[in-house]
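Hi everyone, thanks for making time for this. I'd like to walk you through one structure today, so please have a look at the sequence and the model.

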Amino acid sequence: MVSERQLEAIKIDMDTIEVSNLNRQFLFRQSHVGQSKAKVARDAVLKFRPQMSITAHHANVKDPKFNVEFFKQFNVVLNGLDNLDARRHVNRLCLAADVPLVESGTTGFLGQVTVHVKGKTECYECQPKPAPKTYPVCTITSTPSKFVHCIVWAKDLLFAKLFGDKNQENDLNVRSSDASSSAHAEDVFVRRKDEDIDQYGRRIYDHVFGYNIEVASSNEETWKNRNRPKPIYSADVMPENLTEQNGNVAKNCVVDTSSVSAMASLGLKNPQDTWTLLESSRIFLEALKLFFAKREKEIGNLSFDKDDQLAVEFVTAAANIRAASFGISLHSLFEAKGIAGNIVHAVATTNAIIAGLIVIEAIKVLLKDTDKYRMTYCLEHITKKMLLMPVEPYEPNKSCYVCSETPLSLEINTSRSKLRDFVEKIVKAKLGINFPLIMHGSNLLYEVGDDLDEVEVANYAANLEKVLSQLPSPVTNGTMLTVEDLQQELTCNINIKHREEFDEEKEPDGMLLSGWTQAPPAKDDKQSMNDKQSIGNGGDSSNALQTEPADAVKDGEMEEISEPSGKKRKLSEGSKASILDATDGTRNHKEVEKLDDDDDDDDDVVMFDDLDSMTNKKKRLQ
């Protein structure tokens, strides 16, 4: 057995505790709001397990200090992160350090725990994760039909234009009707010298909800089979004196930005109430005023954050006004925040179940009980009295570019796309590489790092702005690029295929990455998986968890089905029914697994180390 006295744990978490965290976990209390999650969790656990050794880091797990050498000191890593990028980062560090990883995630009533061991099971990235939902720009800017379209417009276009980087490209129309004849007309969104904030707010309101809608609705062809939107001007919704009744704001006083609220300023209290068009308009102007009065120093550097109350209020109000113009139902702040932040609200019971399963798998890893590792799925609906569905881990995917180092293929217009496009859209966004080093043969095209001299930095910056075919070592059809991340100790080869045209709707990036797919059917090694089977709740999943319900699946009730990997696995009839129930009968088992990319859980990484083995390691090093 694993004794608590033998265990040392390290917890890494960069977040502080918020009120919304209190309803989905069991360690934090109201008095902890604003404090470090890692440190409070450590203190809470030590109160009932004082003999344990726990070190808390209030930090980002992607910090350079948490490198491969840091990970090598542990026997197991437990992941509970809330974003795909961080999960991939930890997966790669665990592979490089050869440390088992126990992954987990929850989405509402659904959840799963998976075990990843280098060379024995698939890694976290062996199966491509669903890409975040994207929408065509023309739909967002011109023909929204759903409230989510309005949220994306308010968050990614309007909020970014008003409060974000002014140099960033933006698809909002910035020209007003009285400036259409001038080639050098002013940007409507730039506040004029000595312009009153109320006048500025109404001018922005009238431009985006009035004039721009008029321009959009003037295209007869566009609205032939659609409901034509109605322009909304501020004077139509609220008289001039109503703006003056909005909250009076003292400028440049010291204030906690998290407490700045347009709702509070206007006396609106319930975030689950759906605002009227008038209320949304007042919130819009009040939030704009508060940003300039209380947070003016941040303007130009802001990006939307679901935990920024004022930002959520502004985006909700703007989305509601736009929705009203296009005949779309208005939503509450609570609903809009969930959409804007991709939030599926957490359920404490699910989190508790998954936490218990994490511990069970961690114990198996520490005991090196590899035959009993399980990937366990928590289902929303009980089918044949099954809520938990444990299955044996999958073998590594031979086409995985992370753990099997299989080359990828990229279709791209090498005569038009710049190196910057490749770095931003593929290397960082698709592959999750944080500190890229890009080579063409022995020629170094791009690199980042603190050890570069000024000449190197200038050369690489210049390369970013060159199209691929005009780089010092030209990248053309058939070129093989090597991309490395020294922090993650990851190397990836990408075969370049030149392609002239792309579908702007289906391929908005202007490039297509392929090769990172589920493994093709294998002819010679089917038998290696044939004997594996899913273990229902009635099966022996581990020594730590043994149950025997009345309707336990019998040996004779096994059916063989094809897995996404091309291998076959025996699956109990009860388990099969559970899979279909969890996915409405439309998806296979692997899709049940994809629950962790946008969950609303906290960012947690816990590493466990056996103290006795650590002592031996130190002796060997000495």
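Let me start with one term: here, buried means under 20% relative accessible area, exposed means over 50%, and partly exposed sits in between. By that cut-off cysteine 400 is buried, because its relative accessible area is 0%. And please keep in mind that this is a predicted model.

So, where does cysteine 400 sit? You'll find cysteine 400 in the loop between strand 7 (386-391) and strand 8 (408-412). Leaving aside residues up to four places away in sequence, cysteine 400 touches Cys123, Glu125, Cys126, Glu405 and Thr406.

Two of those neighbours come back in the annotation. An unreviewed UniProt entry lists Cys123, Cys126, Cys400 and Cys403 under "binding site". These four are spread over 281 residues of sequence, yet they cluster in space, with a largest C-alpha distance of 8.6 Å.

Now to cysteine 123. This residue is found in the loop between strand 5 (110-116) and helix 4 (137-141). Is cysteine 123 buried or exposed? With a relative accessible area of 2%, cysteine 123 is buried. Again not counting residues up to four places away in sequence, cysteine 123 touches Asn91, Leu95, His116, Cys400, Val402 and Cys403. So Cys400 and Cys403 from the UniProt list are among the contacts of cysteine 123, because heavy atoms within 4.5 Å count as a contact.

Next stop, salt bridges. As a reminder, side chains of opposite charge can pair when their charged atoms come close. How many salt bridges does the structure hold? The structure holds 20 salt bridges, and I've picked a few to show you.

One of them joins the side chains of lysine 37 and aspartate 15, at 3.8 Å from N to O. Lysine 37 lies in helix 1 (residues 37-48), while aspartate 15 lies in the loop between strand 1 (7-12) and helix 1, so the pair ties together parts that are 22 residues apart in sequence. Lysine 37 counts as buried at 3% relative accessibility, whereas aspartate 15 is partly exposed at 24%.

Another salt bridge brings together the side chains of aspartate 43 and arginine 42, at 3.1 Å from N to O. Here aspartate 43 counts as partly exposed, with 40% relative accessibility, and arginine 42 is partly exposed too, with a relative accessible area of 30%.

Then there is the salt bridge between the side chains of arginine 228 and glutamate 220, at 2.9 Å from N to O. Arginine 228 counts as partly exposed at 38% relative accessibility, while glutamate 220 counts as exposed at 54%. There is also a network: salt bridges that share partners join Asp198, Glu286 and Lys289.

Last one, glutamate 279. Its place is in helix 10 (residues 277-294), and with a relative accessible area of 26% glutamate 279 is partly exposed. What does glutamate 279 touch, not counting residues up to four places away in sequence? The contacts are Leu268 and Thr274. A polar atom of the glutamate 279 side chain also lies 2.9 Å from the backbone nitrogen of threonine 276. Finally, glutamate 279 and methionine 263 are 16 residues apart along the chain, and their C-alpha atoms are separated by 9.5 Å.

That's my tour, and I'm happy to take questions.

Notes: Residues numbered from 1 in each chain as written. Predicted model: local features only at pLDDT ≥ 70, side-chain atom pairs only at ≥ 80, totals over all residues. Heavy atoms only, no water. UniProt positions renumbered as here; feature names shortened; annotations may be inferred. Helix = DSSP H or I, 4+ residues; strand = E, 2+ residues; numbered from the N terminus. Buried < 20%, exposed > 50% of the residue type's maximum accessible area, 1.4 Å probe, protein only. Polar contact = N/O pair within 3.5 Å; in protein donor to acceptor, adjacent residues only side chain to side chain. Salt bridge = Lys/Arg side-chain N within 4 Å of Asp/Glu carboxyl O.
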